[in-house]
Amino acid sequence: MGLDYTPKAVPVDLIVNDTYRGSYTLCENVRIDNNRIDIDEIKPGNDSEPEITGGYLLEMYPGSGDKYSEFTTDRGIELGVHTPDFTEYKETQYRGRDAQSRYISGYMQNLENAIYAEDFKDPDGKRYSDLMDIESAAKYWWVQEFTLNGDAFGTSSTYMYKERSGKLYWGPLWDFDLALSQTETETVFNNTEMPWLDHMRANDPEYQKILREEWDRFDQILKDITKKGGILDTYAEEIRSSWKNDNVAYKKLYEEEDTSYETAEAEFNEQIELLRKFIDSRRISIEKNIGDLYKVFGKVTFRDGKKILKTTEIRFGSVLDDPDYPELPDRKGFRFKGWYTDEGLTKAFDFRSAITEDTDLYAKWEKEEDKPGEDDGNKDDGPGDGSSETQPPAANSDSPGGEAPATGDDTNLTPWIILMLCSALILALLGFRWKRSR
């Protein structure tokens, strides 16, 4: 895709002490270096401009726990400084550490403020694209989103770097063991989530234009990957023998019945075609739905008859959470039966399903029938009638969309029964001891 640096990886056969260990990938790790992320490396003594402005290697959701290396932006983005490693600074270098920590955390906060500003500018008039390279952001996002990478934007494998006297760049790409997994998705887009990039994709025409241009490039690259004799087939031939040896060796290790090379060959060919099919079908799906590329956020409107109880903004592809639901009105003589997707109240809403378009939900109520000895408020009416199959768990105001416990609920008798039994046991023991003492 043309990112400045992506780690190089090569397939290898691993042999340890004359023992075959299987097919592995030998890969460069991520670091600042002339042959890797080629930016100036900041030194402990750099505490003023221009040296303090770079270079930094950053990661999302770090886990070091170091207060100088980690910070959270006002909108909840957790970031960490991978390089330089502030934990290795000596006491005599703390002045540089403190200054560098303040600088990079301030820079990232200022960038976030510019992204969410109405004119996309910071207080000094700099547009967020002056602070962050949005072409690298678009390329990085496309690879993560297309491959449905489960580690994208949610682990410390998400990297960014800032060069000296320059912008923030996205990359390098790293950690794709949870990608290309042929996972079923409910939406074509919005399968990976990064609030900054989501906001830009939904609202900034400049970034939207770059995203569209980068898709045209990416689309052609994907075609070259999967065409007969293309990149996928070339790579498959390179590792075919290694893969079969690995497959047979581990089947023998786990004492499987069929350890033939013929079966391994068939399995290898099957996996290659599954991967080809996944890439092609995902590419075609995106091309057909490219008009939805910028549809990131939508609305769910909760209605009680003609009255609107609440309108909630939600990211497409997400499910409704407790705070999204409205507080229900108190309707004496009626009980809430659940949310429905049609005004006629015939189609129950499944609270586990993702929201993929603007949605209206309608409250259904049922008249209570007072019958002696029957706790109507806790009755399970089955799927489609407000049960846990289609609605959030019945509850009071702590569980929006649920039902308040009916009066006369006997669940609070349990502690009293236990207390009475304990009292009876104590009295019995006392009586027994009294008889023995006599």
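Author: Gladly. Buried means under 20% relative accessible area, exposed means over 50%, and partly exposed is what lies in between (1.4 Å probe, protein chains only). This is a predicted model, in which local features need pLDDT of at least 70 and side-chain atom pairs count only at pLDDT 80 or more, while totals for chains, interfaces and linings use all residues. Residues are numbered from 1 along each chain as its sequence is written, and side-chain values use heavy atoms, with hydrogens and water left out.

Reader: Why is arginine 164 called partly exposed?

Author: Its relative accessible area is 25%.

Reader: Where is arginine 164 found?

Author: Arginine 164 is in the loop between β6 (159-162) and β7 (168-170). Strands here are DSSP runs of E with at least two residues, helices are runs of H or I with at least four, and both are numbered from the N terminus.

Reader: Which residues is arginine 164 in contact with, leaving aside its neighbours within four places in sequence?

Author: Contact means heavy atoms within 4.5 Å. With those neighbours left aside, the partners of arginine 164 include Asp40, Asn46, Glu51 and Gly54.

Reader: What makes the pairing of arginine 164 with glycine 54 a polar contact?

Author: A polar contact is a pair of N or O atoms within 3.5 Å; within protein, one must be able to donate a hydrogen and the other to accept it, and residues adjacent in sequence count only if both atoms are side-chain atoms. A polar atom of the arginine 164 side chain lies 2.9 Å from the backbone oxygen of glycine 54. The arginine 164 side chain also reaches the backbone oxygen of glutamate 51, at 3.4 Å.

Reader: Why does isoleucine 52 count as buried?

Author: Its relative accessibility is 6%, so isoleucine 52 counts as buried. Isoleucine 52 sits in the loop between β2 (19-27) and β3 (56-60). The C-alpha atoms of isoleucine 52 and arginine 164 are separated by 7.6 Å, although the two are 112 residues apart along the chain. Beyond its neighbours within four places in sequence, isoleucine 52 is in contact with residues including Ile42, Ala99 and Tyr103.

Reader: How do you know that threonine 301 is buried?

Author: Threonine 301, in strand β8 (residues 297-304), has a relative accessible area of 11%, so the word buried applies. Not counting residues up to four places away in sequence, threonine 301 touches Ile308, Lys310, Thr311, Thr359, Asp360 and Leu361.

Reader: And why is leucine 14 partly exposed?

Author: Leucine 14, in strand β1, has 31% relative accessibility, so leucine 14 counts as partly exposed.

Reader: How many of the chain's residues count as buried?

Author: Of its 438 residues, 40% count as buried.

Reader: How do you know where the predictor's confidence is below 50?

Author: The score to read is pLDDT, the predictor's confidence in each residue, from 0 to 100. The chain averages 88, and 85% of the residues score at least 70. Over residues 374-391 the pLDDT is below 50, and this stretch has 37 contacts in the model beyond near neighbours in sequence. Over residues 393-411 the pLDDT is also below 50, with 31 such contacts.
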